[in-house]
Amino acid sequence: MCAPKVLLDVAGLQAGYASRQMPFVRAVDNISFRLYPQEIVGLAGESGCGKSSLLKTLYGLVEHPLRVEAGSIVFCGNGHQHSIIQDLRATQKLRWRYLSYIPQASMSVLNPVVRIEKQFQELMEIHEPGLSATGSQDKVTEYLDQLGLSSTVLRSFPHQLSGGMRQRVVIAMATLFSPALVLADEPTTGLDVVVQRGILQMVRDMCEQYGTTFMIVSHDVGIHYQITDRLMIMYGGYLVEIGTTRELFEKPCHPYTQLLIASLPRLGDTGKRSGIGGSPPDLSRPPQGCRFHPRCPQIMEVCRSEIPELLEITPGHYVGCHLSI
Ligand code: SF4
């Protein structure tokens, strides 16, 4: 059940991949958190830590081999309480209008052989069936104009646009109906710094103008520093720290967050930054106790056997580490 002013309430979520060839791989383990209206929340962590699996599960994209084992995801962005997992059919009806998802590759959203204009039209026909063709066209053109996108993109096929422009078009589609929540998986990966900055500004503007909440997955902690209000750090399928972005950058508590932040290049710093030693855990055979313990420079005996709980150490700041107890 959603508490007042909560947009998404995730509790005890466990999900992973099942196949005949290998043991169950739990990519999302006992995850709980909340999202609130009009905020930009980042999800950071190394590749393979479960970020994309979590995002897909939140969107209800639970298709074989991905499977949800336990927990709940309650969405309150359509004026009602809706359980994303328990009612996947109804979840589909929320998509685009209330809840949008931007996958890693923009081409997987766009149909390569259909002009952008037609793809917008199809969306309008499904979600605003009462509007005339001219009314739909006007709405799309006006919206693109508000986002600073020239309506000439409408006449293009996806392959005629640059990667950055395609990504902007996908973001425009995902936000056309002012959804309450947009889940974006690596929205700026592979784009140059200037294009990245433009896209991040677009996200910030949409959050402020339309009240949309964004949850952004990126392995690049620098992106989170630039755009997010709050940050969640994921390691080995677990959330290990949640707090305001400022707090996590200025005073990270979890040793993994500390190393992630320390590995970021600083302005004017020409020295080589050290990465995090070792490799992320194999989620089909994760280590016992704290999953970070084989790489942790602050390991204690208890860390080898007991999984630390994610505890609220100051209001809104959660840490899952035995050092913080
Ligand atoms: Fe390191 Fe122990 Fe904290 Fe894990 S629980 S991060 S091993 S100190």
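Predicted model: local features only at pLDDT ≥ 70, side-chain atom pairs only at ≥ 80, totals over all residues.
Local features require pLDDT of at least 70 and side-chain atom pairs 80 or more, whereas totals for chains, interfaces and linings use all residues. Residues are numbered from 1 along each chain as its sequence is written, and side-chain values use heavy atoms, without hydrogens and water.

Begin by selecting Phe120, Leu144 and Phe214, which touch the most other members of the largest nonpolar core, a set of 36 residues. Such a core consists of buried Ala, Val, Leu, Ile, Met, Phe, Trp, Tyr and Cys residues joined through side-chain atoms within 4.5 Å; buried means under 20% relative accessible area, exposed over 50%, and partly exposed in between (1.4 Å probe, protein chains only). Elements supplying at least two residues each include helix 3 (116–127), helix 4 (133–146) and strand 8 (213–217). Helices (H or I, at least four residues) and strands (E, at least two) are DSSP runs, numbered from the N terminus.

Leaving aside residues up to four places away in sequence, Phe120 touches Val140, Leu144, Leu154, Val169, Ala172, Met173 and Leu176. Apart from this core lies another, of 33 residues, among them Val10, Cys49, Leu66 and Leu183.

Next, select Pro65, in the loop between helix 1 (51–58) and strand 4 (66–75). The peptide bond from His64 to Pro65 is cis, with omega near 10°.

Proceed to Asn30 in strand 2 (residues 25–35). Asn30 is not a glycine, yet has a positive phi of about 50°; its relative accessible area is 48%, partly exposed.

Finish at Ser178, in the loop between helix 5 and strand 7, where phi is near 45°, also a positive value.

Conventions: Contact = heavy atoms within 4.5 Å.
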